Amino acid sequence: MKKIIIFILIVFVLVLSGCKDNQDNTKKQIYNKENYIATMDFFTSDGSYNKKFLLMNLGHSFLRIINETPSDLLVGEYTLAPYEEITIGLWSITTKFGVWYNLDSFFTFDDSRYSDRVALRTTLTKEDIEKINEFLKNDPKWTPTYNCSQLCMDIWNITNIDDNFSLSLATPGKIKKIFEGYVTLSDITILRNDNIGYFKDGKFILCELV
């Protein structure tokens with residue numbers, strides 16, 4: 001009788017393991033494009049890392065772009081050195097209600113923010129970079145209805161026709177929910193980039209943060 005019970009338990013464990021594998025296989029994988037020259041990671045944090053009583057933290061979303069070539073690469077108005085990585089985020093800061101470069105890498109690396117972040121990775125071709133540059137020419141501004149998540153989603157959508165996200169009002173929490181259906185990035189390490197700032201009238205305004 002004891003052997004029968006042990007046998008039943010082993011079969012039960014194997015069945016559960018098989019179910020788990022099937023669940024993982026239902027997650028969508030985003031594959032590399034041919035002739036890509038950069039990678040782009042869509043990070044989102046729903047703020048759960050810093051939930052406090054009577055303190056509202058709605059989270060944050062931002063992008064990281066890595067130049068995967070031995071040549072300079074123009075993204076927006078920012079020129080990436082070979083293999084340099086930058087972050088792009090939309091912020092409501094007095095000096096610039098709009099696109100900031102590398103501010104998110106500072107907060108992640110120095111301030112330990114967004115520890116609950118998850119990310120989707122895609123690759124970018126020359127044509128994708130051109131689409132991003134055309135989009136950023138409009139100098140997107142932060143508003144209560146156009147936030148960090150919306151900017152990231154818009155840039156993601158113009159470079160990923162087969163994996164478009166549609167939300168009436170994008171939020172980090174909603175984006176994180178969408179990501180549950182995908183195979184997310186396993187290594188979410190972000191390097192600090194000291195070129196923190198924004199563009200004004202074509203000139204990069206460098207901001208020193210302590």
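Trainee: In this predicted model, what does buried mean for a residue?

Mentor: The term rests on relative accessible area, computed with a 1.4 Å probe on protein chains only. Exposed is the label over 50%, and partly exposed covers what lies in between. Buried therefore means a relative accessible area under 20%.

Trainee: How many aromatic pairs does the structure hold, and what is the angle between the planes of Trp-91 and Phe-107?

Mentor: The structure holds 16 aromatic pairs. For Trp-91 and Phe-107, the centres are 5.4 Å apart and the pair is tilted. The angle between their planes is 50°.

Trainee: Which residue has its charged end over the ring of Phe-107?

Mentor: The ring of Phe-107 also pairs with Trp-91. The charged end in question is 3.8 Å from the centre of the Phe-107 ring. It belongs to Arg-113.

Trainee: Which residues do ring pairs link into a cluster?

Mentor: One member, Phe-179, is also among the buried residues of helix H5. The cluster consists of Phe-42, Trp-156, Phe-165, Phe-179 and Tyr-182.

Trainee: Why do the buried residues of H5 line one face of the helix, and within what arc do they fall?

Mentor: In helix H5 (residues 172-179), the buried residues are Pro-172, Ile-175, Lys-176 and Phe-179. An α-helix has 3.6 residues a turn, so residues three or four places apart point the same way. What covers the buried residues of H5 includes strand S1 (38-45), strand S2 (60-67), strand S7 (118-124) and helix H4 (148-159). Seen down the axis, the buried residues of H5 line one face because they fall within an arc of 100°.

Trainee: Within what arc do the buried residues of H3 fall?

Mentor: Helix H3 (residues 126-136) has Asp-128, Ile-129, Ile-132, Asn-133, Phe-135 and Leu-136 as its buried residues. Their cover includes S1, S2, strand S3 (73-75), strand S6 (96-101), S7 and H4. Down the axis of H3 they line one face, within an arc of 160°.

Trainee: Which backbone atoms does the side chain of Asn-193 reach?

Mentor: Asn-193 is in the loop between H5 and strand S8 (197-200), and its relative accessibility of 9% counts as buried. Beyond four places in sequence, its contacts are Tyr-78, Glu-84, Glu-85, Ile-86, Asn-102 and Ser-105. At 3.0 Å, its side chain reaches the backbone oxygen of Glu-85; also at 3.0 Å, it reaches the backbone nitrogen of Asn-195.

Trainee: Is Asp-201 buried or exposed?

Mentor: Asp-201 is in the loop between S8 and strand S9 (203-206). Its phi is positive, about 55°, although it is not a glycine. With a relative accessible area of 79%, Asp-201 is exposed.

Terms used
Residues are numbered from 1 along each chain as its sequence is written. This is a predicted model: local features need pLDDT of at least 70, side-chain atom pairs count only at pLDDT 80 or more; totals for chains, interfaces and linings use all residues. Side-chain values use heavy atoms; hydrogens and water are left out. Helices (H or I, at least four residues) and strands (E, at least two) are DSSP runs, numbered from the N terminus. The arc is that of the directions from the helix axis to the C-beta atoms. Contact means heavy atoms within 4.5 Å. A polar contact is a pair of N or O atoms within 3.5 Å; within protein, one must be able to donate a hydrogen and the other to accept it, and residues adjacent in sequence count only if both atoms are side-chain atoms. Rings of Phe, Tyr and Trp (its six-membered ring) pair if their centres lie within 6.5 Å; planes under 30 degrees apart count as stacked, over 60 as edge-to-face and the rest as tilted. A charge sits over a ring if NZ of Lys or CZ of Arg is within 6 Å of the ring centre and within 35 degrees of the ring normal.
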